[in-house]
Amino acid sequence: MSTQDTRSATALIRNQILWDRLIAVVEEQAQTIIRTAFGAAAREAGDVSAGLFLPDGRMIAQAVTGTPGHVNSVAESVRHFLVEFPADGMRPGDIYITNDPWKATGHLFDITVVTPVFRGDSLIALFASNTHVVDIGGVGVGPDATQIYHEGLFIPIAKLADGGVMSKTVLDFLRANVRDPVQVIGDVYALVSCNEVAGKRLAGMMSEYGLETLVPLGEHIIAQSRAAMLKALADWPKGTWHHEMTIDGYESPIHLKASLQLTDAGIEVDFTGSSGTVQRALNVPKSYTDAYTSFGVRCIIGGEIPNNAGSLSAVKVTAPEGSIVNALPPCAVTSRAIVGMMLPDVIFGCLRQAHPDRVPAEGASSLWNIRLVGGQPMAGAPAEDFLAGRRFTQVSFTTGGTGARPRQDGLSTTSFPSGVRNTAIEISETMAPVVFWRKEYRPDSGGPGTFRGGLGQIVEVSHAENVPMILAATFDRIKFPARGALGGQPGGSGRVSLKSGKTLNGKGRQLVPAGDRVVIETPGGGGIGDPRERPRDDVERDIRLGLVSREAAEKIYGQ
């Protein structure tokens with residue numbers, strides 16, 4: 001081996017070691033949020049993101065722990081911070097904060113914190129992290145608001161700490177505008193702490209390897225990642241494919257339409273033809289659209305490639321301003337996840353036409369989180385009935401089934417594409433006066449096919465003190481279930497009702513009377529392939545496990 005070859009090999013090995021160390025740094029950053037957070041969204045469900053950025057705002061490393069809506073939108077948000085607070089004005093001990101839906105992760109409930117890191121007086125990197133907090137004021141959880149002004153406290157990009165001194169003004173604004181200031185302020189400090197820990201780990205790594213700057217390493221990572229994406233794209237046919245999907249919406253259905261073009265230079269997705277914005281909080285800021293669109297692409301093309309500015313640059317997303325997927329202020333956006341989490345299914349529909357054997361069927365996709373509110377009055381109901389109960393706001397992360405996968409059944413009760421963990425009912429019952437009476441698989445909800453869709457679940461919950469409470473519903477796939485593919489059948493539709501028999505709406509704040517229970521039946525994923533070609537042993541196993549009823553097996557599978 002020549003001297004030049006030896007040097008090249010040494011450099012490659014060194015860069016790989018440094019990359020592994022960076023991943024360890026950002027993963028510890030994410031775990032610090034989870035271990036120090038007050039709110040269940042971070043602590044129990046892992047609804048967070050954490051990442052490392054070059055001084056110019058390009059992301060070079062991101063923790064595996066986190067959700068696509070946070071992970072991919074934060075990838076661009078640091079650039080917005082640098083516009084408001086240029087790098088040359090940052091000093092050690094400065095910390096910045098925002099929950100701007102259009103410059104961060106899509107709604108006010110997500111708080112993002114950015115911390116610059118220095119070696120001496122030189123800015124070497126920035127760490128960003130965020131999480132979903134339990135409350136941000138306004139009308140509260142749910143899609144009921146009609147403008148951003150109704151949805152709670154809007155924090156523009158601001159200084160949270162100046163030279164190491166936390167801003168009393170910012171924290172006082174937060175405390176005064178949220179229903180649970182202890183949890184919210186606790187989560188803010190968790191974000192501050194995780195960035196601080198990551199900064200110390202990065203400084204230690206750089207000292208160990210004699211690095212004065214991260215820029216050469218960052219440029220290498222970004223260039224390699226983009227090249228790897230283009231290489232992954234090489235064995236896909238080039239062309240343009242179109243796909244459409246209709247979902248429930250609030251007062252009327254929402255139509256999602258996309259064209260996807262594959263070229264040697266990258267992937268371009270255009271949402272022209274999708275519905276316009278609506279008068280409820282289902283609208284999606286472009287940052288969130290970008291996040292779940294690129295995630296949908298990366299699930300199929302280049303899924304093993306690190307997520308950073310290089311790999312993300314290979315996917316370009318456009319959407320008309322004023323469309324449901326490019327909502328502008330002052331649109332209400334609290335429940336943007338209902339629509340945003342459907343976008344990977346739209347992308348899958350395009351990619352299936354290019355490679356039918358590589359793409360799963362549609363799934364429940366949008367989370368069926370059970371959002372319960374107590375101790376607060378509700379319009380149209382006697383205030384004294386509600387105020388008699390303990391005041392609480394609680395979110396129990398709940399999921400449906402994923403679509404069948406190529407050559408495999410779908411996953412049951414799995415939070416794809418979100419990536420959050422389900423909240424254990426024991427935890428939920430300790431945090432609020434609620435009782436979970438039932439939580440089990442929902443038989444026959446998986447879409448029939450040669451490969452069956454994943455099952456949804458049935459959850460039954462009530463107020464522990466037999467007083468009224470509010471269900472803030474954010475459910476979809478009730479009118480338009482997940483579709484099957486290549487001859488597979490749709491998954492089961494979702495349903496929400498009271499134990500007493502009344503069917504509830506899929507969206508909006510609704511009364512749960514004293515002594516009654518909410519029954520949540522989450523949707524299943526679509527199947528792939530002709531159900532009558534499903535192997536007999538697989539059908540018999542499903543019957544034996546209670547996943548498919550004998551009646552359904554005879555009717556649908558012919559067995």
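## Lining of the largest cavity

In this predicted model, helix 9 gives the largest share of the lining of the largest cavity, namely three residues, where helices are DSSP runs of H or I with at least four residues, numbered from the N terminus. At least two lining residues come from each of helix 3 (68-84), helix 7 (286-300) and helix 9 (336-340).

The space in this largest cavity is about 310 Å³, and among its 27 lining residues R336, A337, M341, N369 and R371 are the closest to the centre. A cavity here is a set of points on a 1 Å grid over the protein atoms alone where a 1.4 Å probe fits but cannot get out, and lining residues have an atom within 4 Å of a point; a volume is the space filled by probe spheres set on the points, which are joined across faces, edges and corners.

## Second largest cavity

The second largest cavity holds about 40 Å³, and its lining includes D135, R179, Q376 and R509. Because domain 1 (3-225) and domain 2 (360-558) both contribute to that lining, the cavity lies between them, the domain bounds being taken from an automatic or database assignment.

## Cysteines

Zero disulfides, defined as pairs of cysteine sulfur atoms within 2.5 Å, are found in the whole structure. The sulfur of C350 lies 14 Å from the closest cysteine sulfur, that of C299, which is too far for a bond. C350 is buried at 0% relative accessible area, as is C331 at 16%, buried meaning under 20% with a 1.4 Å probe and protein chains only.

## Basis of the values

Residues are numbered from 1 along each chain as its sequence is written, and side-chain values use heavy atoms, leaving out hydrogens and water. As the model is predicted, local features need pLDDT of at least 70 and side-chain atom pairs count only at pLDDT 80 or more, whereas totals for chains, interfaces and linings use all residues.

Note on methods. Buried means under 20% relative accessible area, exposed over 50%, partly exposed in between (1.4 Å probe, protein chains only). On a 1 Å grid over the protein atoms alone, a cavity is a set of points where a 1.4 Å probe fits but cannot get out, and a pocket is an open set with protein on both sides within 12 Å along at least five of seven lines; lining residues have an atom within 4 Å of a point.
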